[in-house]
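Student: Could you take me through the salt bridges of this model, with the geometry, the burial and the cut-offs behind each term?

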Amino acid sequence: MITTPGKALGDLAMKLAMSVAPETSSAYVMANAGMIAVLLQAIGQDSERAVANRLQDIAEIKVLFTRFTDTEEEAPNTGAREAFLERTPPSMHLSDVTMVHAEGLNLLIELHAWAEANDAELNQSIWTFLLNHTERDKFEW
């Protein structure tokens, strides 16, 4: 049988929550087992979607940077944002994708701080991106 990491982690979480935790005699150990089960379930969900979600975020960040790089000369780090448009992860490994994703988010944070005071349309576009980002990454319980 070949299983996916997300399914395996979800199965482990359920086993821990439904079989192991109730058999413990300590409320502290039971609570810890429950917490570990929830974390395993969250890691399982994220393992299935992490690369796809981060790549989608990167694509949407690039759209924001493309729309506003040329028109916003006063905005911070214009050169870094323009360079980011050419960035791609060196591989599809989660760590490589996360590195590029983090770079884009850091540049977006700086741009968002500027946009809040200087560009209402950009500010709203960034809030729309952040809503999309959180919806993609929410956990289903």
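Tutor: Happy to! E60 and R136 form a salt bridge (a side-chain nitrogen of Lys or Arg within 4 Å of a carboxyl oxygen of Asp or Glu), and their closest N and O atoms are 3.0 Å apart. E60 belongs to helix α2 and R136 to helix α5, so this pair ties together parts that are 76 residues apart in sequence. Helices here are DSSP runs of H or I with at least four residues, numbered from the N terminus. Both E60 and R136 are buried, where buried means under 20% relative accessible area, exposed means over 50%, and partly exposed lies in between (1.4 Å probe, protein chains only).

A word on the source: this is a predicted model, in which local features need pLDDT of at least 70 and side-chain atom pairs count only at pLDDT 80 or more, while totals for chains, interfaces and linings use all residues. Residues are numbered from 1 along each chain as its sequence is written, and side-chain values use heavy atoms, with hydrogens and water left out.

With E121 in α5 and R67 in α2, the pair ties together parts that are 54 residues apart in sequence. E121 counts as exposed at 52% relative accessibility, and R67 as partly exposed at 42%.

Next come E103 and R87, with 2.8 Å between the closest N and O atoms of their salt bridge. E103 sits in helix α4 and R87 in the loop between α3 (78-84) and α4, so the parts they tie together are 16 residues apart in sequence. E103 is partly exposed, at a relative accessible area of 28%, and so is R87, at 25%.

Salt bridges also link D46, R49 and R54 in a network. A search of the whole structure gives eight salt bridges.

Of its 17 residues, F65, F84, L108, L111, L122 and I126 touch the most other members. Helices α2 (27-69), α4 (94-118) and α5 (120-137) each supply at least two residues of this core, and α4 gives the largest share, seven residues. Leaving out residues up to four places away in sequence, L108 is in contact (heavy atoms within 4.5 Å) with I61, L64, F65, I126 and F129.

Notes:
Core = buried A, V, L, I, M, F, W, Y, C linked by side-chain atoms within 4.5 Å.
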